[in-house]
Amino acid sequence: MSESSRRKPRVLSGVQPSGSLHIGNYLGALLQWRDLQDTYENFFCVVDLHALTVPENVKAAGLREKTLEVAALYLASGIDPARSTVFVQSEVAAHAELAWLLTCVSPLGWLQRMTQFKTKSDVASTVGAGLLTYPALMAADILLYEADQVPVGADQKQHIELARDVAARFNDMFGPTFKLPNPMIPPTGARVMGLDNPEQKMSKSISAPGHAIGLLDPPNVVKKAIMRAVTDTGSELVWAEASPGVKNLISIFAAITGESADAVAARYEGRGYGYLKKDLVDAVEGALLPLRARYTELRADPTYLNEVLDAGAERARSVAEPVLARAKAAAGLGRGR
Ligand code: AMP
Ligand code: TRP
């Protein structure tokens, strides 16, 4: 489709198949994606090449199995293949190819400044170079689809700004080639914190019990995690003085029900935390029960899921390949024939 005949603005986003998806992924990313589907032309990929940046993690989990799990969770969350292109990143070769071009125009200092690189390289004993160049691959994901908006949680804003800067730098060096993307961050649920430690972002790579609410956790596990979530030493909610743990529970609640945090907090003001937690268990279960049921159905029918991903990859290639060709031509690669 040419730029001029395009009717809807585009969205692209992705999740790494590197661990178990949690309520932070759901509220920060998937729920937003679901609600954008009618307004945008949508591309949602399972970014398995990104998951390889920490190879130790994927070896343990079984990358292929996780890729299917994440794809099924997209659909179970309400991503509709009739309205959105759902595909696996490594099945569209243009991503890895454009990533090389963008790696070459990404100044080392820009990559070294990324918070996620600094955090992850601090904890790993040996770090592959892919962890550093990861944002150039992410930029390729976005720029290949000429995405207008990239809906993500707050932690990814820095990477999207970098994609924008790299696109602008490429355009300056080689002539206008890429459209500059914008981050789209939800008003609530953009940064869900750990239930066991509200100072730390809820993360797929932390497996401690009680840390996250996993989208596929059984109801009793979800209930236990919420009922044991860290609040503070007080026993009643005082919103004006709420601790990070209490704020986190209120914002999860608000993001799930679509209310404002103030509106949720007003209902529990002056009441014991137990009431808030009990109702939050019900609200979370209300969202996860249908999601789990749909997920189970999808995993029982691998043919359907494979058809969706085959069609998605084909559609993605048809959009990405002309953009890659344009970038290669602009950079003077090959013989131009
Ligand atoms: P990742 O788990 O890093 O693959 O992230 C996948 C998507 O979920 C990205 O859009 C992230 O910004 C979002 N996300 C990850 N962790 C959280 C969190 N704790 N709160 C809100 N959004 C998150
Ligand atoms: N880096 C993102 C994360 O860890 C995942 C990702 C890869 C992504 N490519 C993307 C998100 C493109 C949005 C757009 O969450």
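The count of salt bridges comes to 16, each a side-chain nitrogen of Lys or Arg within 4 Å of a carboxyl oxygen of Asp or Glu. This is a predicted model, where local features need pLDDT of at least 70, side-chain atom pairs count only at pLDDT 80 or more, and totals for chains, interfaces and linings use all residues. Residues are numbered from 1 along each chain as its sequence is written, chains are lettered from A and ligands numbered from 1 in the order in which they are written, and side-chain values use heavy atoms, leaving out hydrogens and water.

**Salt bridges**

- R10 pairs with E146 in a salt bridge, with the closest N and O atoms 4.0 Å apart.
- R10 sits in strand β1 (residues 10-15) and E146 in the loop between α8 (129-143) and β4 (149-151), so the bridge ties together parts that are 136 residues apart in sequence. Helices (H or I, at least four residues) and strands (E, at least two) are DSSP runs, numbered from the N terminus.
- R10 is buried, at 2% relative accessible area. E146 is also buried, at 9%. Buried means under 20% relative accessible area, exposed over 50%, and partly exposed in between (1.4 Å probe, protein chains only).
- D148 forms a salt bridge with K179; the closest N and O atoms are 3.1 Å apart. This pair links distant parts of the chain, 31 residues apart: D148 is in the loop between α8 and β4, K179 in the loop between α9 (157-174) and β5 (182-184).
- D148 is buried at 14% relative accessible area, whereas K179 is partly exposed at 26%.
- R292 bridges to E285, with the closest N and O atoms 2.9 Å apart. R292 is buried at 13% relative accessibility, and E285 is buried at 16%.
- Salt bridges with shared partners join R10, E41, E146, R315 and R326 into one network.

**Ligand 1: the shell**

- Of the 18 residues around ligand 1, N25, G153, D155, V192 and K204 come nearest. A residue is near if one of its heavy atoms lies within 4 Å.
- Helix α1 (residues 23-36) gives the most to this shell, with four residues.
- The shell divides into six nonpolar, eight polar and four charged residues.

**Ligand 1: backbone contacts**

- A backbone N or O atom of G153 lies 2.8 Å from a ligand 1 oxygen atom.
- A backbone N or O atom of M202 lies 3.0 Å from a nitrogen atom of ligand 1.
- Taken alone, ligand 1 exposes 480 Å², and the protein buries 94% of that (Shrake-Rupley method, 1.4 Å probe).

Terms used. Polar contact = N/O pair within 3.5 Å; in protein donor to acceptor, adjacent residues only side chain to side chain. Nonpolar A, V, L, I, M, F, W, Y, C, P; charged D, E, K, R; others polar.
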